[in-house]
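Subject: Handing over the structure, with notes

Dear colleague,

Here is the structure I promised to pass on to you, and my notes on what was found in it follow below. Please keep the model open while you read, so that you can look up each residue as it comes.

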Amino acid sequence: MKQYSALLVLTLLFCFKGLAQSTDTTGKMVEWLNSEKFRFEKKDSVTELNIWVGNVIVKQNNTTFYCDSAIFNKRTRTLEAFGNVHINDADSVHTYSQYLLYYIDTRIANLKKKVKLTDGKITLHTEELRYDANEKIGDYYNGGRVENGKTVLTSKEGTYYGEMKDVYFKKDVVLKDPGSTLRSDSLLYNTETEIATFITKTTITDTTDKNIVTREGTYDVKNRKAYFSGRPIITDARARTRIVANQIDRNDETGISTLTGNAVYIDSAQGVSVLANYIRANGKEGTFFATRQPLMILKQESDSIYIAADTLFSGRLSKLQHDLDSIAAVNARRDSLLKLEAARKKAVRDSTALTQINVRKDTEKDSVLVPAPNLMDSAVAAVTDSATKRIPLKDTSANQDTHVQRLRAMADSTLAAATADTGVKAPPDTALAAQATKPPPSVTAPTKEVAVTKPPTKKPANPVVINDTTNANDSTDRYFQAYHNVRIFSDSLQAVSDSLFYSGKDSIFRLFTDPIVWSGDNQLTGDTIFLYTKNKKADKLFVWENALAVNKTGIDMYNQLKGNRLTGMFIDGTLDYMRAKGNAESVYWVKDEDSALVGVNNVNGDIIDLRFLNKELDKVVVISEPKGVMLPVSQASEQEKFLRNFKWREARRPKTKFELFGN
């Protein structure tokens, strides 16, 4: 018995000696801490094995190994572990598997079968993993999955960097979270910030049918923010929109996308495209703001409309009406409180004056009574102060503030122009439109006689209508606004103004501040112009205040029509009829049947109509109190050839769509 005990002690000492000999030149050593069974085997003269079985614990520096059984090879300096392997690397990274081959000198671990690596933040699953305990780097080459909360990433190959908390995925990369799915060929993902960085073609889709295709950028999974470069494309199937730019910043929480550099915004539902170097689109609000040489294209089959300005804005009419109603309600409440406060102060002043009179009458008192402060002063003042502050819209940037102010002014001008006491408050009805397409029975050529007929008596409804629908794809619930240096071009019509407002509900272009409209050889000017369209073609036109229509008929020869208000009708986008009402004046160059010049006709009346045939002036009809004279050209003075304030402003007319950003 004593001999057996001595033999066991010698064996253990020999084993500990063998373990001690596993120390390398750098001082790294493998320590055997625990096992239920131990066996030493010497295979040959150079191969010696230490075999541990049951709850094995082995340690090297800060790395501890747990397993069911293990074999230490002294010659190859490897540790082979089997069953429920667990590597605890400095309590920072934990790795699990069913098999381990560990190289002691290099501290490289090869793990197989149900491999799992976790750093407390993410969990990596794979069937084969190579883990470097020195650098805390793990590689897999036969497929892996990383879970980070509700985010799951898969790929065929991947590398985990423990120190930087990065995972580099390669080949068939898929990132899924509750709101989106990302697919790429390679992807760098930080497990702490939850930011994905990609440098190859990447596609992102979300639950709202948005699709993003990009080649460079980052995606913040936690905050649902993204930055894309390399001409990314974002398509929204539900809203039927598509945006492209050199760079796009996107926030899925707010629904705002900022496009920079050669940006394109395409709205297929509205048939609208916007090009600019800066576009800010809000998907939730259904708005976009474009600047830096923006261009809007209203698509139609044969004659698209191009609109350029310093700034373009688009939103929903229902939202605009709601905002205007809110502002009006707050202003009304403010005015009411101000009146109440003024009345209260007046009452206090009257009370003070009465008190002072009574004091002066009281000869037995030397002091003057001062009325006690009103306890309501502070409360009313606080309410009044808060009520005088207008409610801002959601976007409080400088550009959006300017937009809101201009929008209010344009809305006020629109309503004022539409409701002004001008006799005709809206476009003529269908009866007038029919009348405009064919001469009245009593109309004759102006060179022979002047025909007088009764003006139409029916006044149509106010054209300014705000829609209350909330359908994002409803083209009638949409408005466009442009301001500063507005320029419009189509093959059949061109225009310029300082600002523009277009409503999808009534299809009217409202032009403000020095507007000019050209159609063929015709020029129309006034303080405000409303251009009605049908199927995106010019249909009717109204000019308010200082209205002047000019038709160029030859070199330095211009037919002119002036009045307080002008009404025009179009057929197939071509001007067919003009009517001036209120102090109407006309200068008409009369030609005979062979187009030979006869003279200059000056006509005044309450109403004057111009009729066109084949894009040229055909007849002038004066209605009510006509006065006129025709002079030979040689006897007509310059004042008789041109109406007051006449200007032919062809230089400002955009000749092609490529001139929209000219002077």
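The largest nonpolar core has 100 residues, and those with the most contacts inside it are Leu 100, Phe 169, Leu 187, Val 274, Ile 279, Met 296 and Met 578. Strand 37, which covers residues 574–591, gives the most to this core, with six residues. Apart from it lies another core, of 13 residues, among them Phe 289, Tyr 483, Ile 508 and Phe 542. Please bear in mind throughout that this is a predicted model.

Next come the aromatic rings, for which the structure holds 19 pairs. The rings of Phe 198 and Phe 228 have their centres 6.1 Å apart and their planes at 25 degrees, so this pair counts as stacked. Phe 198 is in strand 15 and Phe 228 in strand 19 (residues 225–229), so that the pair links distant parts of the chain, 30 residues apart. Phe 198 counts as buried, at 1% relative accessibility, and Phe 228 counts as buried too, at 0%.

Tyr 532 and Phe 542 meet in another way, since their ring centres are 5.6 Å apart and their planes stand at 65 degrees, so the pair is edge-to-face. Tyr 532 belongs to strand 34 (residues 528–534) and Phe 542 to strand 35 (residues 537–554), so the pair ties together parts that are 10 residues apart in sequence. Tyr 532 is buried, with a relative accessible area of 7%, and Phe 542, which was named above as one of the residues of the 13-residue core, is buried with a relative accessible area of 0%. Ring pairs also link Tyr 265, Phe 288, Phe 480, Tyr 502 and Phe 509 into a cluster.

What about the charged residues? Side chains of opposite charge can pair when their charged atoms come close. The structure holds 21 salt bridges. In one of them Glu 194 pairs with Lys 121, the closest N and O atoms being 3.9 Å apart. Glu 194 lies in the loop between strand 14 (180–190) and strand 15 (195–198), and Lys 121 in the loop between strand 7 (108–118) and strand 8 (123–132), so the pair ties together parts that are 73 residues apart in sequence. Glu 194 is buried, with a relative accessible area of 12%, whereas Lys 121 is partly exposed, with a relative accessible area of 37%.

A salt bridge also joins the side chains of Asp 236 and Lys 210, at 3.7 Å from N to O. Asp 236 is found in strand 20 (residues 233–236) and Lys 210 in strand 17 (residues 210–214), so here the parts tied together are 26 residues apart in sequence. Both Asp 236 and Lys 210 are buried. Arg 510 and Asp 506 form a salt bridge at 2.8 Å, N to O, and both of these residues are buried. The charged end of Arg 510 also sits over the ring of Phe 530, 5.1 Å from its centre, and in the case of Lys 116 the charged end sits over the ring of Tyr 96, 5.0 Å from its centre. Arg 224, Arg 250, Asp 252 and Glu 253 are linked in a network of salt bridges.

Asp 89 lies in strand 5 (residues 78–89) and counts as buried, at 2% relative accessibility. Its side chain is joined to that of Thr 63 by a polar contact of 3.2 Å, and, not counting residues up to four places away in sequence, Asp 89 touches residues including Asn 62, Arg 107, Tyr 131 and Lys 136.

Lys 562, in strand 36 (residues 557–571), counts as buried at 10% relative accessibility. A polar atom of the Lys 562 side chain lies 3.1 Å from the backbone oxygen of Arg 644. Lys 562 and Phe 646 are 84 residues apart in sequence, yet 9.5 Å apart in space, C-alpha to C-alpha.

With best wishes

Technical notes
Residues are numbered from 1 along each chain as its sequence is written. This is a predicted model: local features need pLDDT of at least 70, side-chain atom pairs count only at pLDDT 80 or more; totals for chains, interfaces and linings use all residues. Side-chain values use heavy atoms; hydrogens and water are left out. Helices (H or I, at least four residues) and strands (E, at least two) are DSSP runs, numbered from the N terminus. Buried means under 20% relative accessible area, exposed over 50%, partly exposed in between (1.4 Å probe, protein chains only). A polar contact is a pair of N or O atoms within 3.5 Å; within protein, one must be able to donate a hydrogen and the other to accept it, and residues adjacent in sequence count only if both atoms are side-chain atoms. A nonpolar core is a set of buried Ala, Val, Leu, Ile, Met, Phe, Trp, Tyr and Cys residues joined through side-chain atoms within 4.5 Å. A salt bridge is a side-chain nitrogen of Lys or Arg within 4 Å of a carboxyl oxygen of Asp or Glu. Contact means heavy atoms within 4.5 Å. Rings of Phe, Tyr and Trp (its six-membered ring) pair if their centres lie within 6.5 Å; planes under 30 degrees apart count as stacked, over 60 as edge-to-face and the rest as tilted. A charge sits over a ring if NZ of Lys or CZ of Arg is within 6 Å of the ring centre and within 35 degrees of the ring normal.
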